[in-house]
Every structure is written in structure tokens, then in C-alpha cells.
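Subject: Structure handover

Hello,

I am passing on the structure we spoke about. Please open it alongside this message.

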Amino acid sequence: MVGKVDGRERERGRRSAPRGSMVVGLLCTVVLAGVGYAAWELRGIAATRADGDPAQGVYQQDPERADRTAAAVLDGIVREDPEPPKDDKAFTDGGGTVDWRYAGWQPSDPLEARPAPAEPAVGALFSPGGDGDPDHHCSAVVVHSPRGDLIATAAHCVYAGGFRTNLAFAPGYRDGVAPFGIWVPTRIDVDPRWTEGQDPDHDVALLRLRRPGYPGQRLEDVTGALTMDFATELPSPARLMGYPNYAEQPVECRNTAVLAGPTQVRLDCADVPNGTSGGPVLTGRGSLVGVIGGRDGGGDEETSYSVRFGDAVRALYERSTKS
């Protein structure tokens, strides 16, 4: 579904077209802009997709390719901060400690997203290269796992006509700075029902990450993590958060999350734009109940959606953490 941001039409989550549609669009570019430009675009998009194992919904990232992605992000797009901020109250940890920010929870007034401080466990997903996306095209959140290396995002952020091979995650990103480093996937897991038909009821992805140049460092130890809640009762006070792809800091909005059918969560907040897909949906207790995505690619100008975390997402989590 298309909304307008700053007067420009944008598609929530920048859902990528199937590979065939990309080729058609690029052939049009040949006519409009010349053969050289279109050929460059075609090579760029082809280079940022891989088949992986769509029947299982799994992609194992090539380490050298991932290292090149991290280097591309750090080459003039983002800089790392050698002394990241320290705030032991910044977010909930893997043990389920309640976030201090929720003690006086109130819905946003008015019900629209506003700029928010960056938080260590929430970050921007970057995809450098000639894939037609801006520098950061989606959002993601660190989730608690036995290995301490897992993030959750929307499936449409990582798979569209193939698995994206040019992904990098910057937790706590703000104003061109990655205070907790740049992290790249070792493995991507989505439900096969997403790879088969992009079923909006399975618009969730889990990525295991590492930090190039820091062998043995665990993401969760650096940023903290959210605990995924697979049995939340709704309605519930909730907060969503994500990075617009035209902004250098996150936005957030608070309202009551309600069911939108058996498989979707709805949260009415205006001005949650393109780039926020994959950002967390949190209950008033600070547990993670969804990521922006699902119905209508995540919503429109007034409403955001998320796949409801239930048995299917639990199975995806177990597969990703046990493999």
C-alpha cells in the first residue's frame, strides 16, 4: 500500500518486486537512460540476490561477501564510535527485565510517530550497492537467543525474488554513527510460505549475525536484547519503533495494539513511514510481540501491522537458534 511522506509517494517497507518485474523495469530504463546505465543497474540487482534454499527458507551467507558489505557501509556511509554510550536502562535485557520507560506508559498524543532517542537493541538495516534502495532500507531488533547473535525483522526486508546478500545491521544507529558496530548475517531464516508466495501472515525473518574483525563478540552482550513473546493477550498497551529511510534517527509511537484477525496485530499511529518495516512492536511490559510488516506490507499512513507472534514464529525461532 502506498502512502505519502514529505510529498513523495513511498511504499511501506520498500517491498521489492519479483526478479522478473525488476528486469522489466530495468529494460524500460534502457530506453529512458541509455544502455550503459541500465546494464549497471541490472548487474547491481543481480549481485545483491541469491537463491539460497527457498524450499526451506534458509540462506547461508558467504563470509567474504558479508565482509565486503560491512566494508562498503563503513566506507563513507557510517562510522563506528570507539566509545559507545553506556546506559544500562536503555532497553529490556534477555532475562525480561521491565524497561523503566514503561512505568508511566501513555498513548501518544496526537497518535502519530515522533522522533525518538536511539536505543541499543534497535537498529537500521543497510543494503549498500546498486539495488535501488537508500542506504538503510529497513529496521530490525536484537532478540534474546542462546548464542546471543539474533535479530528479527520483516521477511520482505531480506527476501524478494531471492535472499538479499548485501545486508548489514547497525544497532543504536544515529546521525551516521554506529555506536555498537556493524554486524553482518551468517544465516537468514524465513518461513517457506514467505519464499513460496510472500504470504503476509509469515512476514517475519530471523538473522544470525557476526561483527567482522571482532571474532567471538556476541551481539546481545553488546546491545542487550528483547525477549520474543509468543502468547501475548491483546488488546495491550504497545509501542512501535523504526527508522524512516530518509531520517538518521528512529521514530516511535504508542497506542493500544489490537488483533486484526487471527494472525495480524494492528496499531493505529500515523506517520510511520517507509524504512520502519522490521522495527519492533513492544508491549507495555517491554516484550517483543511483532515487527512492522505483514498486512499491506506493514500498513499505510494511519495504521501499522505486524504478524502476530504465535506457533509459526516460534517454530521459526527454534529452527534458527538450533541450526
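Below are notes on disulfides, a hairpin and aromatic contacts. Please keep in mind that this is a predicted model.

Disulfides

There are two disulfides in the structure. Counting the bonded cysteines along the chain, their pattern is 1-2, 3-4.

One of them links Cys138 and Cys157, with an S to S distance of 2.1 Å. Cys138 belongs to strand β8 (residues 136–143), while Cys157 sits in the loop between β9 (150–153) and β10 (163–164), so this bond ties together parts 19 residues apart in sequence. The angle about the S-S bond is -80°, and the link of Cys138 and Cys157 is left-handed. Cys138 has 0% relative accessibility and counts as buried; Cys157, at 0%, is also buried.

Another disulfide is formed by Cys253 and Cys269, whose sulfur atoms are 2.0 Å apart. Cys253 is part of strand β16 (residues 251–259) and Cys269 is in the loop between β17 (264–268) and β18 (280–283), so the parts tied together are 16 residues apart in sequence. The link of Cys253 and Cys269 is left-handed, with -75° about the S-S bond. Both Cys253 and Cys269 are buried.

The β18–β19 hairpin

Strand β18 runs antiparallel to strand β19 (residues 288–291), and three bridges join them. Pro280 has Val291 in β19 as its bridge partner. Four residues lie between the strands of this hairpin, and Gly286 has a positive phi near 90°.

Six aromatic pairs turn up in a search of the whole structure. Among them is the stacked pair of Tyr59 and Phe163, with 5.7 Å centre to centre and 15° between the planes. Since Tyr59 is in strand β4 (residues 58–60) and Phe163 in strand β10, the pair ties together parts that are 104 residues apart in sequence. Tyr59 and Phe163 are both buried. Together with Tyr159, Tyr59 and Phe163 make up one aromatic cluster.

For Phe230 and Tyr317, the ring centres are 6.1 Å apart and the planes are at 55°, so that pair is tilted. It links distant parts of the chain, 87 residues apart: Phe230 lies in the loop between α5 (219–223) and β15 (236–242), and Tyr317 in helix α6 (residues 311–322). Phe230 is buried at 16% relative accessible area, and Tyr317 is buried with 16% relative accessibility.

There is also a contact between a charge and a ring: the charged end of Arg211 sits over the ring of Tyr214, 3.7 Å from the ring centre.

Regards

Technical notes. Residues are numbered from 1 along each chain as its sequence is written. This is a predicted model: local features need pLDDT of at least 70, side-chain atom pairs count only at pLDDT 80 or more; totals for chains, interfaces and linings use all residues. Side-chain values use heavy atoms; hydrogens and water are left out. A disulfide is a pair of cysteine sulfur atoms within 2.5 Å. Helices (H or I, at least four residues) and strands (E, at least two) are DSSP runs, numbered from the N terminus. Buried means under 20% relative accessible area, exposed over 50%, partly exposed in between (1.4 Å probe, protein chains only). Two strands pair if DSSP finds at least two bridges between them. Rings of Phe, Tyr and Trp (its six-membered ring) pair if their centres lie within 6.5 Å; planes under 30 degrees apart count as stacked, over 60 as edge-to-face and the rest as tilted. A charge sits over a ring if NZ of Lys or CZ of Arg is within 6 Å of the ring centre and within 35 degrees of the ring normal.
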